[in-house]
Amino acid sequence: MPRLMVDERPTVSSPSPGLRLTRRGRLVRTGVILALLLTVVVVLVQLTRPDPAPATPITPVATVPPTCVPTAETSQNCWPAITEGNDDRLVQSPWFTGRVLAGDVEVVLNHVAERFDATVESVDPDSSWGWGYRSVRGEGDSSEDVSATAAGGSELSNHASGTSIDLNATEHPLGADDTFSDEQVAAIHAILAEVSPVVAWGGDFTGRRDEMHFEIVGDPAAVAEVAARLTAAG
């Protein structure tokens, strides 16, 4: 019988097709690329961003020295009380009715009133007050009779020593809150920074508010230093 011829040539397998990404794979690759690009952009933005401006420091609320202990002859801030409005220690100010203690206190409080008029609101001298020999007013008490000191045991107001002033009192009554806008409050705090650390504002009081009120809280040496600084600045 004839032999069957067997093809002994090696079988050549067909080449495998190239690996092809599925649709999901393409999406994953695109997402990775976009994430890398986003990271680069964020890094570049952080490197080129200017440093933030430093926050404006907040002037702490001024208070009387801990050594101050008021007596029957001194006001709350330990300055000597003045019983008569025509006392030679008092001088008239153009900014308010009633007088103020002459000298360094006069310089400091006149500066507060002048800057208040320029940067907060116009000062009305007819509703702005200085010296007054009386006790500290209680909640809802408008009496200016100093006999309330003996009756109620309260201390003499800083008005009694000519070391405090009330500006535009009818617009900012005792005990009222938020009688100034945020911009006005910021301007008031800027004034306090100029006379720091010897003047406190009644709007910063933690108890009953007194937004018309500015008072000396420094001792004579501290007030003299601030007055000299203001005078030198012109």
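**Reading the model: cysteines, charges and contacts**

Modeller: Cys 68 is buried, since its relative accessible area is 15%; here buried means under 20% relative accessible area, exposed over 50%, and partly exposed in between, with a 1.4 Å probe and protein chains only. This is a predicted model, in which local features need pLDDT of at least 70 and side-chain atom pairs count only at pLDDT 80 or more, while totals for chains, interfaces and linings use all residues. Residues are numbered from 1 along each chain as its sequence is written, and side-chain values use heavy atoms, with hydrogens and water left out.

Biologist: How many disulfides does a search of the whole structure find?

Modeller: A disulfide is a pair of cysteine sulfur atoms within 2.5 Å. The search of the whole structure finds one. It joins Cys 68 to Cys 78, with an S to S distance of 2.0 Å. Both Cys 68 and Cys 78 lie in the loop between α1 (23-48) and β1 (90-93), so the pair ties together parts that are ten residues apart in sequence. Helices (H or I, at least four residues) and strands (E, at least two) are DSSP runs, numbered from the N terminus.

Biologist: Is the disulfide right-handed or left-handed, and is Cys 78 buried or partly exposed?

Modeller: The disulfide is right-handed, because the torsion about the S-S bond of Cys 68 and Cys 78 is about 100°. Cys 78 counts as partly exposed, at 26% relative accessibility.

Biologist: How many salt bridges are there?

Modeller: A salt bridge is a side-chain nitrogen of Lys or Arg within 4 Å of a carboxyl oxygen of Asp or Glu. By this rule the count is four. One of them is formed by the side chains of Arg 89 and Asp 87, at 3.0 Å from N to O. Arg 89 is partly exposed, with a relative accessible area of 40%.

Biologist: Where does Glu 211 lie, and with which side chains does its own side chain make polar contacts?

Modeller: Glu 211 is in the loop between β4 (199-201) and β5 (213-216). A polar contact is a pair of N or O atoms within 3.5 Å; within protein, one must be able to donate a hydrogen and the other to accept it, and residues adjacent in sequence count only if both atoms are side-chain atoms. The side chain of Glu 211 makes such a contact with the side chain of Thr 179 (2.3 Å) and with that of Arg 209 (3.1 Å).
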